Amino acid sequence: MPTSATPTHCPYCALQCGMNLTPAPGGTVEVAERADFPVNRGALCGKGRTAPALLSSQVRLTSPLIRNAGVLEPATWDEALDRIAAGLSRTRTEHGPDACGVFGGGGLTNEKAYALGKFARVVLGTSQIDYNGRFCMSSAAAAGIKAFGLDRGLPFPLEDIPRTGCLILVGSNLAETMPPALRYLTELKENGGTLIVIDPRRTRTAEQADLHLAPRPGTDLALALGLLHLIVAEGRTDEAYIQERTSGWEEARAAAMAHWPEYVERITGVSVPQLREAVRLFCEPSAAMVLTARGPEQQSKGTDTVGAWINLTLATGRSGRPLSGYGALTGQGNGQGGREHGQKADQLPGYRKLTDPAARRHVAEVWGVDPDSLPGPGRSAYELLDALGTDIRSLLLMGSNPVVSAPRAAHIEERLKSLDFLAVADVVLSETAALADVVLPVTQWAEETGTTTNLEGRVLLRRRALTPPSGVRSDLDVLHELAARLGDGMEKGFPTDPEEVFEELRRASAGGVADYSGITYRRLAEGEGAGVFWPCPAQDPSSHGGADALESGAAGDAEDSGFDLAADDPASDTDGGRLPDGVHPGTPRLFLDRFATEDGRARFVAVSHRAIAEEPDAEYPLLLTTGRVVAQYQSGAQTRRVDELNAAAPGPFVEMHPRLAERLGAVDGDAVAVVSRRGRAVAPARITTGIRPDTVFMPFHWPGEGRANTLTNPALDPTSRMPEFKACAVRLEAVTRP
């Protein structure tokens with residue numbers, strides 16, 4: 001264990017806030033401020049500050065568990081690994097390799113995500129692998145690829161946000177989901193910029209806005225189309241930019257013009273004067289941004305919805321210009337890196353397509369296998385979970401808790417119970433792990449070294465600061481040992497040293513969209529700890545053609561704009577000084593010269609409003625939307641074990657408007673039932689005027705009778721396969737407690 005402070009990063013959200021870990025009595029660590037990291041500049045939320053509480057042996061797993069006679073009991077590592085290998089092997093023999101499923105997580109490091117995808121395809125030979133990040137970023141990713149040819153959550157560093165002229169924030173309660181990032185909105189307003197927040201609730205974030213639009217849940221697509229209609233009608237388009245840097249404008253414009261303001265007002269509930277004011281605020285400054293989050297993305301039309309918001313940035317000449325453009329706020333800690341290196345159903349490392357013959361050849365050569373041996377694309381996350389117990393008979397799950405986090409969660413819980421065999425690797429006994437045949441205790445963020453990639457595309461090095469308990473091993477150890485048991489000599493392809501895994505990841509990603517080949521542990525460790533932005537090929541743009549098409553250097557638009565991108569900009573010097581000749585500096589800002597499409601042009605998408613999959617009716621007259629609270633995180637498997645966080649957010653609730661509460665006869669704190677076509681959840685009422693009268697809200701962090709995802713609709717986006725978490729039809733019922 002180090003005797004001095006260890007610089008590292010928070011285990012929670014995609015900000016990956018910098019922190020120092022200092023030794024503390026009892027063999028654990030304490031969190032200290034790390035002011036030199038540019039993303040959070042020392043600020044931490046309560047989750048990050050209390051993260052060491054999960055390192056305690058009293059709240060975590062410290063021994064493998066095996067189910068005997070229906071009860072999970074402590075076991076040795078060899079017993080547990082042998083049982084997993086036997087279960088997976090039996091399934092392969094009796095039902096074929098695709099009867100084995102693998103489910104990963106957006107909190108796994110890049111090394112783990114890479115190794116897990118390789119394990120599924122090389123050792124198990126299965127196509128059935130996906131991860132919980134499908135529930136987070138898939139719609140924004142699909143829309144970004146359609147429009148720009150590339151998906152990176154933010155194509156610019158967070159430091160650019162305070163220097164833009166107007167920010168439209170769509171479906172993000174950033175003040176609660178990423179509290180240290182709230183300073184960027186505060187600084188934006190201090191600099192004279194304006195903030196427009198779009199959310200059906202008046203959240204802590206919406207309270208900061210110059211203009212808050214509260215559309216009916218599921219109508220963000222119509223709202224974006226109505227704004228584009230007004231931009232065209234008022235002559236606010238940038239015709240020169242459209243002509244020089246885009247394609248598909250005629251079709252997109254025609255689609256938008258069918259959404260006149262009064263029609264959009266009837267759909268969304270947002271008044272025409274508010275629509276016009278939003279257009280004025282967005283179009284008047286020389287620079288403006290649109291950022292989306294789960295609100296518009298977690299819909300059965302999420303890809304089209306995000307595409308419509310991207311259209312706004314293209315029609316007004318914003319994307320690919322300084323301090324402007326579109327970005328998505330990635331949620332999970334490694335939600336960006338986790339979707340780049342192979343744990344997605346349709347993907348190979350470097351954000352390569354599994355269906356691309358050249359990509360298969362490249363990765364197969366790195367892995368030392370025949371390209372034809374690699375399976376094709378498999379099921380998306382919900383479809384994979386829905387197939388458990390039927391087509392998929394055994395499942396290896398790492399770093400996810402779908403019993404709480406999946407839509408139609410009661411059904412998914414039953415599918416998990418129906419498996420022939422379930423193995424879970426996790427740091428705690430989550431609700432999903434409690435159903436497993438074998439549970440493996442694995443290392444946590446402070447006990448291992450590895451890389452993550454934050455929401456900006458900034459690759460970071462987490463450093464080990466603490467020796468794990470003796471009964472705990474890393475996920476890389478698990479995959480190595482399983483490979484040894486399932487294949488002749490296959491463990492050689494699964495090293496346990498994370499730096500060795502990263503070196504192979506570099507080779508596998510080289511030349512891909514997410515090219516990490518120019519990034520090394522040494523470079524990440526020896527710089528000032530600010531990380532390196534991908535793409536970062538092994539050579540600089542002057543000698544290698546891979547990334548210069550996207551480069552953020554002396555772009556003509558940047559030079560002519562009058563903006564000084566380097567002024568007070570930590571992102572411009574992430575390596576802590578001048579780099580040696582031939583070393584690529586990384587790419588903090590994308591698209592300033594061209595987009596990552598074949599012709600270098602961004603693509604408009606022609607989309608039209610359509611209803612959500614399940615509209616309210618006489619039986620279910622209300623809309624449910626879901627989200628997070630500041631003191632809990634995702635499924636709550638970790639944060640619900642921290643006393644301080646539980647004191648701040650002890651359980652679920654149902655947020656409703658006073659008019660709705662009056663009709664129900666409920667007062668604040670009364671137990672109420674929310675009922676959908678999929679089930680029933682019960683929680684205390686929280687009455688507020690900060691929500692639409694036709695909408696109720698529930699946070700999704702808790703299991704049991706207050707589980708919000710018992711209610712949610714698994715209707716899928718046809719492109720991204722994202723479930724419709726954010727809008728479904730429900731009714732309320734009064735509950736009488738004994």
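In β12, Leu291 is the bridge partner of Leu169. This is a predicted model, where local features need pLDDT of at least 70, side-chain atom pairs count only at pLDDT 80 or more, and totals for chains, interfaces and linings use all residues. Residues are numbered from 1 along each chain as its sequence is written, and side-chain values use heavy atoms, with hydrogens and water left out.

Helices (H or I, at least four residues) and strands (E, at least two) are DSSP runs, numbered from the N terminus. Two strands pair if DSSP finds at least two bridges between them. Strand β8 (residues 166-170) runs parallel to β12, joined by 5 bridges. Strand β13 (residues 325-328) is also parallel to β12, with 4 bridges. There, Gly327 stands opposite Leu291.

Now the burial of β12. Buried means under 20% relative accessible area, exposed over 50%, partly exposed in between (1.4 Å probe, protein chains only). In β12 (residues 288-292), 5 of 5 residues are buried. In a regular strand, side chains alternate between the two faces of the sheet. Ala288, Val290 and Thr292 are buried on one side of β12, Met289 and Leu291 on the other.

Helix α14 (residues 357-367) comes next. Its Ala359, Arg360, Val363, Ala364 and Trp367 are buried. They lie on the same side of α14 because they cover an arc of only 125° around the axis, taken from the directions from the helix axis to the C-beta atoms. Pro357, Arg361 and Glu365, on the other side, are exposed.

What about the ends? Asp356 caps the N-terminal end of α14. Gly368 follows the helix, with a positive phi near 70°.

How values were computed: Polar contact = N/O pair within 3.5 Å; in protein donor to acceptor, adjacent residues only side chain to side chain.
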